[in-house]
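Please keep the sequence and the structure at hand while reading.

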Amino acid sequence: MSELFQEAVIISILAGTLRIMTPILFAAIGELVTQRAGIWNMGVEGTMIMGAFVSYVVATQSDSLPLAILSGILSGMVMGLIIGFMTSTLRVDHFITGLGLNLLVGGLTFFWFRIYVKGGHPPTFTGLENFSIPILASIPILGEVFFNQKPLTYIAILSVPVVSYFLYRTRWGLEIRCLGENPKAIDIKGLSVALRQYIAIIIGSGMTGLGGAFLMLGFSDRFQPDLTAGKGWLAIVAIIAGKWLPKGVFAAVLVFAFLESVAVHVQIIDADIPYQIFFALPYLASIILLILLRRKTNQPARLGVPYFR
Amino acid sequence: MSGQALLETKMLTKHFPGVVANEGINFVLEEGEVHCLFGENGAGKSTLCSCLFGYYRPDGGSIEFKGEPVKFRSPRDSIRYGIGMVHQHFVLVDEFTVLENIIVGTNTEKWSLDLEASENQLKNICDEYGIDLKFNSLVRDLSVGEQQWVEILKSLYLKVEILILDEPTAVLTPEESNKLFKIMHKMGQNGISIIFISHKISEVMLADRVSVMSKGRLIDTVFPRETTPQELTNLMIGREVKLRVIEENDNEYDRSYPILSINNLKYKNKYGKFALNDISLNLYSGEILGLAGVSGNGQKELFESLSGNLNPDSGTISYEGKEIQGRSSRVFMDLGIGLIPDDRYREGLVSDFDISENIILGWQRLNDYTKGFFLNRNNIKRLAEDLIKKFNIMTPSSTVPVSHLSGGNAQKVILARELNHSNKILLANQPTRGLDLGVIEYVYNQIKLKRDEGFAVLLASEELEDLINLCDRIAIISDGEIKGIVEAKSTSIQDIGLLMAGQSETSA
Ligand SMILES: Nc1ncnc2c1ncn2[C@@H]1O[C@H](COP(=O)(O)OP(=O)(O)O)[C@@H](O)[C@H]1O
Ligand SMILES: [Mg+2]
């Protein structure tokens, strides 16, 4: 392999890392807000599929990408509303709620998709374009990696400090973190536990829906029922591995995205090793991370425990 | 005290499914007074306070504030009237700092947090009351006593006019309790009216007025200086009882060879703190060794080590000279060691199992209880019915789930199981916590009987008076260390209190 080729591959792997990171990061940071409020939302995968499917339909119908993105967010919020109703109002077991919803949404989107394409070819759309930041994008290597991405990638990265500020510097954030640790402390101040949990899961699921929309609009031109391929689960693992801290979650997502980007490129450069093995890397890494970090958790004390007065 | 009614309930009633927690309560808090609610566990004191705080909604009756009828739909309403409450079980966030715990949920107008302004405001309050706290420490790193100050500061920060304290001294050392009463006095001078709950008669006598509660009713409100401890206790129980007097303890036993010898036991908990810090104790057959201390000072870890449920980091536990530390709990059980854990429902029982199943819990593999691969239901039932009679457990049958039993009867199930299966050592961690006087007496008598049979008993309790009455020797534990071991015959509550407060024997 020529040196020039090697350099191009490395740049491409790094740029790909940021692209692959984007949907997982949206989902993970959103789910972090949800979990800090005490809801163990297992429905991340389903929410992502829903966001992806709805944005697909809107994109093909309206040809408007902003509208498609917005609808992806809204569909995520609706999912959040449902999960909030089940877990916070009805106090159904959080795991069962999430798992049930994943199954339901997986089946439902598949069914809708079949109806939508009516046995013909799935309609396609033109996906999100890269945006070159003037001047910065022309810096060698760095420009290609960092400054020639889709705008949503920057927003995803920006969401880390923003959510961090929200959780640690605003009174809403303090109250949401309090819900995950001891909801009674909110209740005895005469404040509504349910209202705050709804706010958290609607914000969180909206971000997850946005992640689903990006997965749809940023990577391909048509819907496939299995397009999330476990990315929602990776988001959950990233939270555990990142010890429920925004920075940690960000780092874990980066690791997963990098490994997947490597896998994609192994496929392209046609090495001797079967590339499927590399696609298992993020998932293997997640298992290894979970084993290594099993003791030192920082898990909110009342995560997944329904609150009764 | 102005004699002006500040907060008042009229015929207040509160029911829980199957329980009448409050019935026709007429309670009056006067302006500026310190009012004690006195009554046994389950009398309905906490429920009444929760109604006054708006946490529970009464089923009947009314609440009046300065003569005006008010409806507290949630604590938000009562907070608006300047009412604050310190709950029996602290409502704190372990992972938050002191400051975060105090300000969370208080300022609902603004988006941002003004930590500095809050901190300054708190500093003033702390200075005024002589409370010393680091606002940036995590609550989980604080002692129980310090956590109590955080709870109180939560209310003072909201500038309450009425403060309700639910059993504030239950978790405090005598020293800390004294300080609390000084602070309560100071609050009174600042115009704060106080309701506090206690069942310690010595504290009750410090109040301006006392309301005695029993079985959901308010029996009477009296002035402590116009009554006697004996009279108050009679009111509380509803009949004549003898206040326990110190009995002469003439128990004799051989101290030449310990049955259980604990040497330099150390254990670091998950926060990196020494829960057990170099603990050494000897336990002799035929004695009751008391373990005095506020719970949470290493008792749990010690009992778990001694029953094989926790593997200490270092040190030895020898049973008749043989080292057994870190072996499985089965080894400990087979040696005849019984355990009464402090958390009845989470560690001592399986709530959804019935009495007979709980009676053999952990021993189900014994030949008596099995028939080949299956359980021998007949034998188990016979044993359960036998023990129900022997231990006087109030239940319609042995097939009732223990979750339906009252706390006292549930505790008797544990006692029955452990005493029936162990024969050498009984480890009892807070066995009487939350029980009625009658059941407490019963539990203590059973323990004494076993001592006379030659058991070695380790008994942890926060009730110092009981320990002095019952035990032969008393070890004082604080911060995971044994601060001293005293002969029960020649000690006093004050001596033990000083040791509990963290002073070692020599400096006390
Ligand atoms: N949330 C609840 N649900 C059901 N029963 C309760 C609840 N809270 C208290 N009780 C019952 O009400 C009675 C009074 O309890 P409580 O007010 O806590 O007594 P006290 O504080 O005097 O010990 C007890 O029988 C208790 O079991
Ligand atoms: Mg109570």
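Helices (H or I, at least four residues) and strands (E, at least two) are DSSP runs, numbered from the N terminus. This is a predicted model, in which local features need pLDDT of at least 70, side-chain atom pairs count only at pLDDT 80 or more, and totals for chains, interfaces and linings use all residues. Residues are numbered from 1 along each chain as its sequence is written, chains are lettered from A and ligands numbered from 1 in the order in which they are written, and side-chain values use heavy atoms, with hydrogens and water left out.

**The two chains**

Chain A contains 13 helices and two strands, and its C-alpha atoms occupy a box of roughly 65 × 45 × 40 Å along the principal axes. The radius of gyration is taken over C-alpha atoms, and the globule rule is 2.2 Å times the number of residues to the power 0.38. For chain A the radius of gyration is 20 Å, which agrees with the value near 19 Å that a compact globule of 309 residues would have.

Chain B has 17 helices and 22 strands. Its radius of gyration is 24 Å, close to the 23 Å that the globule rule gives for 508 residues, so chain B is as compact as a globular protein of that length. The C-alpha trace of chain B spans about 70 × 50 × 50 Å along its principal axes.

**The ligand site**

Which residues are around ligand 1? Counting a residue as near when one of its heavy atoms lies within 4 Å of the molecule, the shell consists of B:Phe16, B:Val19, B:Ala21, B:Glu40, B:Asn41, B:Gly42, B:Ala43, B:Gly44, B:Lys45, B:Ser46, B:Thr47 and B:Tyr56. Strand 2 (19-30) and helix 1 (45-52) of chain B each supply at least two residues of this shell, and helix 1 of chain B gives the largest share, three residues. Ala, Val, Leu, Ile, Met, Phe, Trp, Tyr, Cys and Pro count as nonpolar, Asp, Glu, Lys and Arg as charged, and the others, Gly among them, as polar; the shell around ligand 1 then divides into five nonpolar, five polar and two charged residues.

The table gives the polar contacts of the ligand, each a pair of N or O atoms within 3.5 Å; within protein, one must be able to donate a hydrogen and the other to accept it, and residues adjacent in sequence count only if both atoms are side-chain atoms.

| Residue and its atom | Atom of ligand 1 | Distance |
|---|---|---|
| B:Ala43, polar backbone atom | oxygen | 3.2 Å |
| B:Lys45, polar backbone atom | oxygen | 2.8 Å |
| B:Tyr56, polar side-chain atom | nitrogen | 3.3 Å |

The protein covers 65% of the 560 Å² of accessible area that ligand 1 has on its own, by the Shrake-Rupley method with a 1.4 Å probe, where for residues only the protein chains shown count as cover.

**Cavities and a pocket**

On a 1 Å grid over the protein atoms alone, a cavity is a set of points where a 1.4 Å probe fits but cannot get out, and a pocket is an open set with protein on both sides within 12 Å along at least five of seven lines; lining residues have an atom within 4 Å of a point. Grid points are joined across faces, edges and corners, and a volume is the space filled by probe spheres set on the points.

The structure holds two cavities of 30 Å³ or more. The largest cavity, with a volume of about 100 Å³, is lined by residues of both chains, including A:Ile188, A:Lys189, B:Phe53 and B:Leu158. The second largest cavity has a volume of about 30 Å³, and its lining has seven nonpolar, one polar and no charged residues. Strand 11 (260-268) and strand 12 (274-283) of chain B each supply at least two residues of that lining.
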